[in-house]
Amino acid sequence: MERRKFFKYVGWLGSLGGIFGTSVFMLVRFLFPRVLYEPPTRFKAGPRGNFPPDPSGNVRVYENFKGSERVWIVHGDDPTTGKHGIYAFFAQCTHLGCTPRWLENEAKFKCPCHGSGFYPYGVNFEGPAPRPLEKVGISESEGQIVIDKAQRFRWEKGQWAKSDCLIETSRPAV
Amino acid sequence: MPFWDDLKDSVTRSQVWKSMFRHDYRDTPRNRSLQILNNVFLHLHPVRVARHATKVRFTWCMGGITFLMFLVCTITGVLLMFYYRPAVEYAYNDIKSLQFDVPFGMLMRNMHRWGAHGMVIAIWLHMLRVFMTGSYKKPREFNWAVGTILLLITLFLSFTGYLLPWDQLAFWAVTVGTTMAKAHPGIGAEGPVTPQFITASNDVRFALLGGTIVGPTALIRFYVLHCIFVPLIASVLMALHFWRVRKDGGISGPM
């Protein structure tokens, strides 16, 4: 290629490409805001005494914070880790994001959208859900249970074994 | 009726009339062609339509009905926009008010809703007809491609309109729909072949919702997409689609 032609192409492509490239970049970046005004992800759930274990040894599900925070607090065994304690699930079906219902009599979480079912300890056993419910961060501070929904723990990634998603308690004698 | 003839003459010979309509109604092939060609609304249409193309048994007129439904939704939609405010504090109550308080509000809303349903049904039947008559074949391949994009746009118009009443049905339908977008390959946070740096706070679902949850930002985004952005693109593509029907040999003619 001639020198003159080369510089002509570089000049045109550079300036036009620069202008259009910047415009496209700005357009795309514009759609992703820097600040989100979404509700806070941490909340205090009260002292652990509010969530006593089931005297007969079953896993007990508390729906106190389902309406306001979309979280179930559960007290009982976790067969996936063999531990016992208080842990919390984000009340969102892992199929397409609906909120399942806790069915006390059938002892399962059941999603109304497409029928996925989960055991009280969160593992899926029926319907299209591909993986267990997600656990959220749980800790204790100044005698209160603190839940952090920004922290998620997935069973299939081996994250349920982490200590941040369980407050260990002693197994009640049956 | 000399009076009416005189009146007609004085109107059609006036400068105002002639400035708008350059050609009279003389029934000659040349003049009739000019009438079509010089009218912005008619020029997308062929100057001449073959007799067989008007056979409803062959075309089902489904493309035309789809367009009619689009026009119905455009007109009723603009009217609904006078009352509907796309913010979570107002949206649901504005729809209620349209249903129960606004004179003819229920009629307008239901026309919009049934028109939308009708458009989706008609466009599928139109596609079926085009497929069954082999009208996607050369030289109409490009128009078939434009048509498939218009089909997707129609479905997207339906989907974005679904959220606007902001009721339980709308909320969960869009929750489910946008969670599917999460699984899009490459640009959805949980899709296959998605690079590591694309997460729930910058993937395609985020762009659609303007956030990580179905909330106020999602409502305004869906509203703008539904009322302005998507209809504009649909209009441009429809103009192209109708014009190409003419250029590719007319409606339903054998090649």
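The legends below describe close-up views of a predicted two-chain model, with chains A and B.

Residues are numbered from 1 along each chain as its sequence is written, and chains are lettered from A and ligands numbered from 1 in the order in which they are written. Since the model is predicted, local features need pLDDT of at least 70 and side-chain atom pairs count only at pLDDT 80 or more, whereas totals for chains, interfaces and linings use all residues.

**View 1. Confidence of the complex and of chain B.** The predictor assigns the complex a pTM of 0.86 and an ipTM of 0.80. Chain B has a mean pLDDT of 92, with 98% of its residues at 70 or more; pLDDT is the predictor's confidence in each residue, from 0 to 100. Within chain B, the highest mean confidence, 97, belongs to helix α8(B), and the lowest, 85, to helix α4 (residues 56-59). Helices are DSSP runs (H or I, at least four residues), as are strands (E, at least two), and both are numbered from the N terminus.

**View 2. Contact between chains A and B.** On the chain A side, 9 residues are in contact with 13 residues of chain B; contact requires C-beta atoms, placed from the backbone, to lie within 7 Å. The chain A side of this contact comprises 7 nonpolar, 1 polar and 1 charged residues. Here Ala, Val, Leu, Ile, Met, Phe, Trp, Tyr, Cys and Pro count as nonpolar, Asp, Glu, Lys and Arg as charged, and the others, Gly among them, as polar.

**View 3. Domains of chain A.** Chain A is divided into domain 1 (1-37) and domain 2 (42-168), with bounds from an automatic or database domain assignment. The centres of the two domains, taken over C-alpha atoms, are 49 Å apart.

**View 4. Packing of α8(B) with α11(B).** The axes of α8 (residues 141-163) and α11 (residues 216-247) of chain B come within 9 Å and cross at roughly 160 degrees. Axes are lines fitted to C-alpha atoms, for helices over the stretch in contact, and angles run from 0 to 180 degrees between N-to-C directions. The angle therefore makes α8(B) roughly antiparallel to α11(B); the classes are roughly parallel under 35 degrees, roughly antiparallel over 145, roughly perpendicular from 65 to 115, and oblique for the rest. Their crossing is left-handed, meaning that the near helix is turned anticlockwise from the far one by less than a right angle (right-handed if clockwise). The contact residues divide into 19 nonpolar, 6 polar and 1 charged.

**View 5. Packing of α8(B) with α9(B).** Helix α9 (residues 168-182) of chain B packs with α8(B) at about 135 degrees, the axes being 8 Å apart, so α8(B) is oblique to α9(B). B:Phe159, B:Tyr162 and B:Leu163 of α8(B) meet B:Ala170, B:Ala173, B:Val174 and B:Gly177 of α9(B). These residues divide into 6 nonpolar, 1 polar and no charged.

**View 6. Packing of α5(B) with α7(B).** Helices α5 (residues 62-81) and α7 (residues 105-132) of chain B have axes 8 Å apart, at an angle of about 160 degrees, and are therefore roughly antiparallel. The crossing is left-handed. The residues of this contact divide into 15 nonpolar, 8 polar and 2 charged.

**View 7. Backbone details in two loops of chain B.** B:Pro139, in the loop between α7 and α8, is joined to B:Lys138 by a cis peptide bond with omega about 5 degrees. B:Trp60, in the loop between α4 and α5, is a residue other than glycine with a positive phi, near 60 degrees.
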